[in-house]
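Please look over this model with me. My notes follow as numbered points.

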Amino acid sequence: MLPVNPDRFLADLHHLRSFGASGVGKGVVRQAFSDPDIAARRWLADQYAAAGLTAHVDPVGSVWGLAEGRSLLVGSHSDTQPEGGWLDGALGVICGLELARAGKEAGRPISAVSFQDEEGRFGVTTGSRVWGGFTSLAEADALTDTTGTTFAAARARMADMAGDFVDPARFMGFLECHIEQGPWLDKAGEAAGVVTSIVGIRDMRITFSGEQNHAGTTPMHLRKDAYRGMLAYQQKITDRFRNVVTPETVWTTGHVDLYPGSHSIVPGRCTFSMQWRDGDRDRLERMEAIIREAIAETADEQGLMADTSAMLALDPVPMDAGFRAALETAAEAVAPGRWRRMPSGALHDATSVAAHMPVAMLFVPSINGISHAFEEDTAEADLVTGLTVLAHAAETIARG
Ligand code: HGY
Ligand code: MN
Ligand code: MN
């Protein structure tokens with residue numbers, strides 16, 4: 001097996017946590033292109049170079065540690081949610097660093113990567129989507145975060161480091177180790193999850209515009225209240241989704257912006273996020289039709305204007321059968337009887353990479369199933385098991 005060093009791996013994981021440590025538990029605040037994110041990426045590039053890899057930053061801020069010739073790629077993302085955990089993405093990035101180092105020592109070409117903006121400050125999995133050719137650089141540059149900052153302006157902060165895009169053809173496949181971010185492995189006392197498929201996702205912003213007015217003198221029946229428009233819309237989709245969704249289907253409004261945001265003003269504008277996920281592409285499309293119909297009906301009934309942003313669409317992706325088999329064999333060897341096959345309800349960069357090469361993913365347990373929160377954590381023994389299973393599988397795959 002590749003000569004991975006668990007102590008070195010854990011030390012690097014904790015060092016990466018120090019970039020943007022929130023001061024609350026093991027929480028981290030390290031959004032794409034923030035100071036801690038850029039500092040972490042500079043540190044990663046130095047680690048890749050110190051390991052004898054070619055350190056490289058691409059135009060969208062993803063950082064690569066490249067082995068000579070054709071190699072197996074291992075990695076994830078090192079940016080976090082506005083309130084993130086220390087392991088979401090970081091685990092896979094440090095697994096990539098450790099496997100690439102061990103690969104160099106063992107003469108097994110393994111490359112490493114930390115993709116940029118997987119967490120969607122601008123658009124979910126932006127870095128790997130642009131690298132993968134799903135979104136043009138021009139389209140990405142026009143994306144904005146919730147404050148109106150453009151991707152172009154943000155990525156300009158790393159322009160001094162940026163080179164060309166890395167050619168996907170130099171890799172024979174991709175492995176990503178990630179925390180489960182759900183409850184199942186932790187509840188079952190299991191150590192590893194071999195991912196079968198990654199859900200598809202749709203994501204957009206919806207804006208209702210009505211009439212800003214006085215909260216005290218405007219009778220209820222004369223209002224064109226944008227917030228009440230959103231509430232009416234939400235009720236319509238909840239009612240109509242019942243015939244379409246399954247217990248695995250999820251939909252979320254995670255961000256709402258009311259304008260002008262005063263207690264004494266009837267909001268004239270309400271912009272909110274609408275995200276939905278499922279393992280079935282047809283179901284995602286049926287949900288989209290319901291959403292767009294509910295928007296139009298609500299605007300008409302309430303005398304509002306409605307506008308929608310461009311919609312981000314990633315379809316469900318099955319993992320490569322051969323790579324999955326290598327992970328299953330490795331999991332049984334390292335944690336006999338304490339692993340399972342399972343789908344991923346979270347999105348990952350592996351979705352973008354899968355269009356170019358075989359990919360597979362390995363999950364480790366999340367304590368109490370918590371993620372995208374400062375409380376996110378995993379027992380160190382489970383982190384080391386994840387690294388060991390990945391190294392075992394990488395050896396099998398690299399050997400061919
Ligand atoms: O939202 C997701 O699934 C990922 O954690 N960004
Ligand atoms: Mn992630
Ligand atoms: Mn995440």
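Are His77 and His178 buried or exposed?

1. His77 is buried, and His178 is buried too. Buried means under 20% relative accessible area, exposed over 50%, and partly exposed in between (1.4 Å probe, protein chains only).

2. This is a predicted model; local features need pLDDT of at least 70, side-chain atom pairs count only at pLDDT 80 or more, and totals for chains, interfaces and linings use all residues. Residues are numbered from 1 along each chain as its sequence is written, chains are lettered from A and ligands numbered from 1 in the order in which they are written, and side-chain values use heavy atoms, without hydrogens and water.

3. The manganese ion (ligand 2) has three protein donors: His77 (NE2), Asp88 (OD) and His178 (NE2), at 2.1 to 2.3 Å. Donors are N, O and S atoms within 2.8 Å of the metal (3.2 Å for Na, K and Ca); water is not among the atoms, so sites may look incomplete. The sequence spacing is H-x10-D-x89-H. His77 sits in strand β3 (residues 71-77) and His178 in strand β5 (residues 171-179), so this pair, 101 residues apart, links distant parts of the chain. Strands (E, at least two residues) are DSSP runs, numbered from the N terminus.

4. Asp88 also coordinates the manganese ion (ligand 3), which lies 3.4 Å from the manganese ion (ligand 2).

5. Now ligand 1. An oxygen atom of ligand 1 is 2.7 Å from a polar side-chain atom of Arg277. A backbone N or O atom of Leu347 also lies 2.7 Å from an oxygen atom of ligand 1. A side-chain N or O atom of Glu118 is 3.1 Å from a nitrogen atom of ligand 1.

Technical notes: Helix = DSSP H or I, 4+ residues; strand = E, 2+ residues; numbered from the N terminus. Polar contact = N/O pair within 3.5 Å; in protein donor to acceptor, adjacent residues only side chain to side chain.
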